[in-house]
Amino acid sequence: MHTQAGAPPSRRRFLALSAGGAAVGAVALSGCALHVAGAATGGGERVTVMAKLDDIAPELIQQAQQELGIGITVVQDDITRLIAMLTNGSPPDLVRGSGALDTPYFAARGVAENLDPYFAKSTVLKVDDLAPANDLWRYDGHTQGKGPRYGMAKDFSQDAMFWYNAALFDKAGVDHPPDTEPTTYEAWLENAKRLTQVKNGQTTVYGGSYNGLGLGILFTNLTAAAGGSLFSADFGRVDFTTPEARKALAWYVDYARARVGPSLVQPNPDGWDGPTYVANRMAMSGSGYWLGGMINAEPKLAEVSRLAPAPVFEGGPRLSSCQGATGMWMPKKARNKDAAWRVFEWFFGEGPARARAEGGWGIPSLKSLQPLMPHKEDYQQRVIEVQQAESKHFSVTPFTPYIKWDALEALINQVIPAAMNGRISVDTLAGRLTSVVNEQLKRGKEQVG
């Protein structure tokens, strides 16, 4: 399942499997023009980081130059550019990625560096200090959550947990969800219906939003919560027609048809939950602890906001997984690995990591930094207590190495609106999704070998 040691990955292997193969090819052939920002001036070593331009802001670049003596050039995160750089033999030194979704894909293709030797020598990042969500960055060639570490999360959330506005619950006469015992998905949806406010045919307050970090990973987790697995044992096939996967699909289609929250057939004008929730126009948001960074900036809202455990399906297991674990990984062909690792240590374990922890933007990836999470106010302490109780139910939901997450997302997005609009049944939807996704998985499995 891996490329031969030392052999560059073939362009065919990547172009055939990427979400936008034609676009990737165009970039590769054009020489891969890149959008670059924030290259620090001065001498010394230099590393290139592919990330969102606000992941490593200009002030952080300057801080790295001053504290580490290492210059950082940030290249805009873009999968087509990344694949072009990998196939051309000139990859970035560090790459932004999602542990939950990217680890199997890149590890199976032999392009990600095994970071175990670096962790073993580090005085900053100790393996026994890593929060369990970092296991999403492990892959043993078959199972995610085991084997070598290929990256690390900058922070994380148990993303099926949801925030709710207690004032909107009180106004609608709806009982608050329990702090430490999960509500059911069925009850969550009924509450969302009661909390939704409509005026002159327009939704003024969403009862709830539950879209996860994307429909591919959402259905993977919902199926697990129903007691099944979306993927076959070898991750080479999906089956949306199993009772568990169908239950997950049916619940989400009901959610979309009820129009209690944003979906493909009712897009949120704000683009995502954060601004809507902060404006008191959303009663529940399935965004996990991470959204607390935005909520904490609004004290009046923070006082009436509560974090609740991940829901369960009636009769299903209690699970509370992470759907993101966004962080960084190092390409095997990176040219400045030692300098890149020093930046890695600094970003994940030193000043930048402490600042993120104190702001409430996700749970720190290092257990030793978790005491820095906001806890001074009573409402913050309540959030911490709920989150700590929920951590006992954390689990890794493995993802397939045979399709890029955004390609899976695109396939789902093409098929599911017809069911949301009532033009096809859930059973028809399940059959169509199984067929189109398995076609892509078959190609991916053939390419990886």
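User: Leaving aside its neighbours within four places in sequence, which residues is Val312 in contact with?
Analyst: Val312 touches Pro182, Thr183, Thr184, Tyr185, Glu186, Pro317 and Arg318; contact means heavy atoms within 4.5 Å. Bear in mind that this is a predicted model, where local features need pLDDT of at least 70 and side-chain atom pairs count only at pLDDT 80 or more, while totals for chains, interfaces and linings use all residues. Residues are numbered from 1 along each chain as its sequence is written, and side-chain values use heavy atoms, with hydrogens and water left out.

User: Where does Val312 lie, and is it buried or exposed?
Analyst: Val312 is in the loop between E13 and strand E14 (326–329). Helices (H or I, at least four residues) and strands (E, at least two) are DSSP runs, numbered from the N terminus. Val312 is buried, at a relative accessible area of 12%. The cut-offs are under 20% relative accessible area for buried, over 50% for exposed and partly exposed in between, with a 1.4 Å probe and protein chains only.

User: Tyr185 and Glu186 were on that contact list. Which residues of H8 are buried?
Analyst: In H8, the buried ones are Tyr185, Trp188, Leu189, Asn191, Ala192 and Leu195. They sit on the same side of H8, because they cover an arc of only 160° around the axis; that arc is taken from the directions from the helix axis to the C-beta atoms.

User: How do the axes of H8 and H10 cross?
Analyst: The axes of H8 (residues 185–195) and H10 (residues 243–258) come within 11 Å of each other and cross at roughly 5°. Axes here are lines fitted to C-alpha atoms, for helices over the stretch in contact, and angles run from 0 to 180 degrees between N-to-C directions. So H8 is roughly parallel to H10; angles under 35 degrees count as roughly parallel, over 145 as roughly antiparallel, 65 to 115 as roughly perpendicular and the rest as oblique.

User: Which residues make the contact?
Analyst: H8 brings Tyr185, Glu186, Trp188, Leu189 and Lys193, and H10 brings Lys247, Trp251, Asp254, Tyr255 and Ala258. They divide into six nonpolar, four charged and no polar. Here Ala, Val, Leu, Ile, Met, Phe, Trp, Tyr, Cys and Pro count as nonpolar, Asp, Glu, Lys and Arg as charged, and the others, Gly among them, as polar.

User: New topic: sheets. What order do the strands of the open three-stranded sheet have?
Analyst: The order is E12-E9-E13, with antiparallel pairing. E12 and E13 stand at the edges with a single partner strand each, so one side of each has no neighbour in the sheet. Two strands pair if DSSP finds at least two bridges between them.

User: How many bridges does E9 make with E13, and how many with E12?
Analyst: E9 (residues 162–165) is joined to E13 (residues 305–308) by four bridges, and to E12 (residues 284–285) by two. Phe162 has Ala308 as its bridge partner in E13, and Trp163 has Ser285 in E12.

User: Which way do the E9 residues point?
Analyst: Phe162 and Tyr164 point one way, Trp163 and Asn165 the other, and all are buried. In a regular strand the side chains alternate between the two faces of the sheet.

User: Which helix lies across E9 and E13?
Analyst: That's H16 (residues 378–390), which runs at about 10° to E13.

User: What does Leu136 touch, beyond its neighbours within four places in sequence?
Analyst: Ala325 is one of its contacts, along with Gly99, Ala100, Thr103, Gln144, Cys322 and Val396. Leu136 lies in the loop between helix H6 (116–121) and E5, and counts as buried at 1% relative accessibility.

User: And what stands opposite Tyr139 in E6?
Analyst: Gln144 does. E5 and E6 form a hairpin with four residues between them, and Gly141 in the turn has a positive phi of about 95°.
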